[in-house]
Amino acid sequence: MNDDKQRSESDAKLEREIRQGRKFTAQEALGRMIGPGAMRGGSAISRGQEAETAIGTWLRSNLTDSTGALQALLHRRLRESALLLNNPDQPLVALAEYCKQVLASDYRLEELVREADVEWGRRMDERPHFNREGSPPHPDDPYTNDSVRAALGEVLTKISEATGGRRCAGE
């Protein structure tokens with residue numbers, strides 16, 4: 001018992017010496033409040049942030065998009081969606097479900113295309129080429145209903161391949 005007390009006193013003395021020259025930070029205070037080993041095996045970022053990062057990384061690697069406007073738009077839309085909040089451990093399921101929702105509605109597809117055109121215009125510092133009903137798409141428009149529909153279909157195919165064809169929630 002006496003050995004344990006001596007060890008505790010020497011450990012405390014050593015800890016005081018180490019801390020003597022250091023500045024006390026809020027992170028250290030929080031760590032002391034939580035206790036040792038609280039973060040062992042855990043992540044310093046939330047599951048939601050991990051899911052957002054995973055989607056962004058996956059889109060950059062798997063979505064063919066020369067200007068990146070559609071990638072950024074999909075990432076932003078998913079980041080703000082309940083789909084991702086409800087599936088933080090399966091971000092690709094959330095992305096697939098979002099793509100299916102867009103493809104199932106002409107209105108949602110047209111809105112996504114319009115926003116992609118706006119994002120493209122911002123990035124390129126040019127006036128965007130919006131789709132006009134009854135007119136063919138502008139030849140320089142990188143985001144048309146057909147091109148975005150094809151891109152989202154490609155995303156669904158790649159997700160299916162990446163997940164081994166497992167069915168997504170809601171199918």
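Modeller: We can start with confidence and then turn to the helix contacts.

Colleague: Fine, what is the mean pLDDT of the protein chain?

Modeller: This is a predicted model, and the mean pLDDT of the protein chain is 79, with 71% of its residues reaching 70 or more.

Colleague: And where is confidence lowest, and where highest?

Modeller: Among the elements, helix 2, residues 26-34, has the lowest confidence in the chain with a mean of 68, whereas helix 6 has the highest, at 94. Over residues 167-171 pLDDT stays under 50, and for that stretch the model has seven contacts beyond four places in sequence. Where pLDDT is low, the predicted coordinates should not be read in detail.

Colleague: Let's move to helix 6 then. At what angle does helix 3 pack with helix 6?

Modeller: Helix 3, residues 47-62, and helix 6, residues 91-103, pack at an angle of about 65 degrees, and their axes are 9 Å apart. The crossing of these two helices, helix 3 and helix 6, is right-handed.

Colleague: Which residues meet there, in helix 3 and helix 6?

Modeller: From helix 3, the residues A51, A54, I55, W58 and L59 meet P91, L92 and L95 of helix 6. By class, that contact has eight nonpolar residues, with no polar and no charged ones.

Colleague: How do the axes of helix 4 and helix 6 cross?

Modeller: The axes of helix 4, residues 69-79, and helix 6 cross at roughly 105 degrees and come within 11 Å. Because that angle lies in the 65 to 115 range, helix 4 counts as roughly perpendicular to helix 6.

Colleague: And which residues of helix 4 and helix 6 meet?

Modeller: L74, R77 and L78 in helix 4 meet A94, L95 and Y98 in helix 6, and the residues of this contact divide into five nonpolar, no polar and one charged.

Colleague: Is helix 4 mostly covered or mostly open?

Modeller: Helix 4 is mostly covered, since eight of its 11 residues are buried. The buried ones are A69, L70, Q71, A72, L73, L74, H75 and L78, and of these L74 and L78 also take part in the contact with helix 6.

Colleague: Changing topic, is T157 buried, exposed or partly exposed?

Modeller: T157 lies in helix 8, residues 145-162, and T157 counts as partly exposed because its relative accessibility is 42%, which falls between the 20% and 50% cut-offs.

Colleague: How far is T157 from A96?

Modeller: The C-alpha atoms of T157 and A96 are separated by 9.2 Å, although the two residues are 61 residues apart along the chain.

Key:
Residues are numbered from 1 along each chain as its sequence is written. This is a predicted model: local features need pLDDT of at least 70, side-chain atom pairs count only at pLDDT 80 or more; totals for chains, interfaces and linings use all residues. Side-chain values use heavy atoms; hydrogens and water are left out. Axes are lines fitted to C-alpha atoms, for helices over the stretch in contact, and angles run from 0 to 180 degrees between N-to-C directions. Helices (H or I, at least four residues) and strands (E, at least two) are DSSP runs, numbered from the N terminus. A crossing is left-handed if the near helix is turned anticlockwise from the far one by less than a right angle, and right-handed if clockwise. Contact means heavy atoms within 4.5 Å. Ala, Val, Leu, Ile, Met, Phe, Trp, Tyr, Cys and Pro count as nonpolar, Asp, Glu, Lys and Arg as charged, and the others, Gly among them, as polar. Buried means under 20% relative accessible area, exposed over 50%, partly exposed in between (1.4 Å probe, protein chains only). Angles under 35 degrees count as roughly parallel, over 145 as roughly antiparallel, 65 to 115 as roughly perpendicular and the rest as oblique. pLDDT is the predictor's confidence in each residue, from 0 to 100.
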